[in-house]
Amino acid sequence: MTDIIPKNTGKMAKNIKKIELLAPAGNMEKLITAFHFGADAVYLAGKRYGLRAFADNFTDEEIAEAVKYAHSLNKKVYVTLNIFASNYDFDDLADYLAVLEQAQVDAVLVSDVGVFDFVRTHSKLAIHISTQANTTNKYAVDFWQRMGAERVVLAREVPLKQIAEISAHCPKVQLEAFVHGAMCVSYSGRCLMSNYLTNRNSNRGECVQACRWQWEVREVSREDSMPVMEDERGTYIFNSKDMNMLAHLPELIDAGIVSLKIEGRMKSAFYVATVTAAYRRALDAIASGSFTSELIEQLNAELNKASHREYTTGFYFDEQESRQYYPSSKAVEEYKFVAVVKEVKGGQAVIEQRNKFVVGETLEVLSATSDSGKTFTVEYAKDDKGNSVDICNKVKQILTINCPFRLTAGDIFRKKQ
């Protein structure tokens, strides 16, 4: 991946302060984490109508709580209504829209034309067109704009050059694009592999990710498999690399993207924290004119600390290398999420433990402060009764440990695996 930084144009300089960093929120903890580490908005799903049925998701009451919390920080919440709907899905949709209006969500994400028209005629909610609608050209964007859409999330197949053309043709509609995370092997996420193989409907939020399985190919009239094996373990012929566009944020902004979207509602809070923090630092550096090759290298090293596959820039450029990753579908995770900080005072941190660590180990800080990336040695740990704990291995146990840094609640401790 190149780290050449394009010359800033007047258009980018004018828009940079308006650029939105949009993070995933699979539950309330991830929402709070996303905002703590610099997201301007989050997208989430309720218990109905979303494409991530196996995320924790939000009850109606939790959606109201999430929006209230976000608005107290002057931030936004978008709710997904992006299933491909059947007739019966509309039976309760009006009631659900009333719940979302009452909660004052900032917009809903829609992919189905019928759902779009229903939302438009049964509510006053702002509508964003989901990437599932596979909007790939300026005329489609113009159509959605004329129909009343506030924003269009472009299909991931749209090249950067064409994004600029779309922006020039449709200057009044907001354009959103994915910048980081897992990519679906199918066109704009439209896939039936999960349906056929496991009876789990991927377009209704139940995808089993069959594309990540280990496969071999055999033509039906032959007894032997076709020669597609990479080694003795087989090959992952449908397994796509992860997207990483951090080095190219100036180009995306210059092309007219106003919302930079991170994939990952099924990912951990640690993933949300790591990726959001890196992109927040990148955007702040672009705004201040300090977005250098050295910083890109540092931030990509940060991104490598979260769970990820080999990276690609997707379809934004004419990549010569494959966007598929054949050796393995398993994500790499260089660091473990050890604990979240609840309180820091007097050289001590009160933490909620997440993964095992022991006294004497070196921990690293992931913080919204300037101390992020610094390390220290755990000299002691005490439980809530003041008892010494040498092996800290009880998930969500409240512990007090030494801490030399001035951190804030919500910061994270991690360790190299």
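## Briefing: salt bridges, helix faces and surface patches

Arg120 and Asp117 sit three residues apart, about one turn, in helix H5 (residues 113-122). Their side chains meet in a salt bridge with an N to O distance of 2.5 Å. This is a predicted model, in which local features need pLDDT of at least 70 and side-chain atom pairs count only at pLDDT 80 or more, while totals for chains, interfaces and linings use all residues. Residues are numbered from 1 along each chain as its sequence is written, and side-chain values use heavy atoms, with hydrogens and water left out.

**Salt bridges**

- A salt bridge here is a side-chain nitrogen of Lys or Arg within 4 Å of a carboxyl oxygen of Asp or Glu. Searching the whole structure turns up 19 salt bridges.
- Lys267 and Glu263 form a salt bridge with an N to O distance of 3.5 Å. Lys267 is buried at 19% relative accessible area, and Glu263 is buried at 10%.
- Through shared partners, salt bridges join Glu20, Arg151, Glu176 and Lys261 into one network.

**Helix faces**

- Helices (H or I, at least four residues) and strands (E, at least two) are DSSP runs, numbered from the N terminus.
- Which residues of H5 are buried? They are Val115, Phe116, Phe118 and Val119. These residues cover an arc of only 165° around the axis, which puts them on the same side of H5. The arc is that of the directions from the helix axis to the C-beta atoms.
- Val113 and Thr121 are exposed on the other side of H5.
- In helix H11 (residues 293-303), the buried residues are Leu295, Ile296, Leu299, Asn300, Glu302 and Leu303. Viewed down the axis of H11, these buried residues fall within an arc of 150°, so they line one face of the helix.
- Glu294 and Glu297 are exposed on the face of H11 turned away from its buried side.
- As background, an α-helix has 3.6 residues a turn, so residues three or four places apart point the same way.

**Surface patches**

- Patches are built from residues with over 30% relative accessible area and no salt bridge; like charges are joined within 9 Å, and nonpolar side chains (Val, Leu, Ile, Met, Phe, Trp, Tyr) within 5 Å. Accessible areas come from the Shrake-Rupley method with a 1.4 Å probe, and for residues only the protein chains shown count as cover.
- A patch of negative charge on the surface brings together Asp56, Glu61, Glu62 and Glu65. For charges, Lys and Arg count as positive and Asp and Glu as negative, while His and the chain ends are not counted. Each charge is placed at NZ of Lys, CZ of Arg, CG of Asp or CD of Glu.
- Ile32, Tyr69 and Leu73 make up a nonpolar surface patch, with about 220 Å² of accessible area together. Ile32 is part of helix H2 (residues 28-36) and is partly exposed, at 36% relative accessibility.

**Backbone points to look at**

- Where do you find Asn74? It lies in the loop between H3 and strand S3 (76-81). Asn74 has a positive phi of about 65° although it is not a glycine, and it is exposed at 72% relative accessibility.
- Asn134 is another non-glycine residue with a positive phi, near 40°. Asn134 is placed in the loop between strand S5 (127-129) and helix H6 (138-147).
- For context, most residues other than glycine have a negative phi.

**A buried strand residue**

- Phe357 lies in strand S13 (residues 357-358) and is buried at 0% relative accessibility.
- Phe357 and Val378 are 21 residues apart along the chain, and their C-alpha atoms are separated by 9.1 Å.

How values were computed
Buried means under 20% relative accessible area, exposed over 50%, partly exposed in between (1.4 Å probe, protein chains only).
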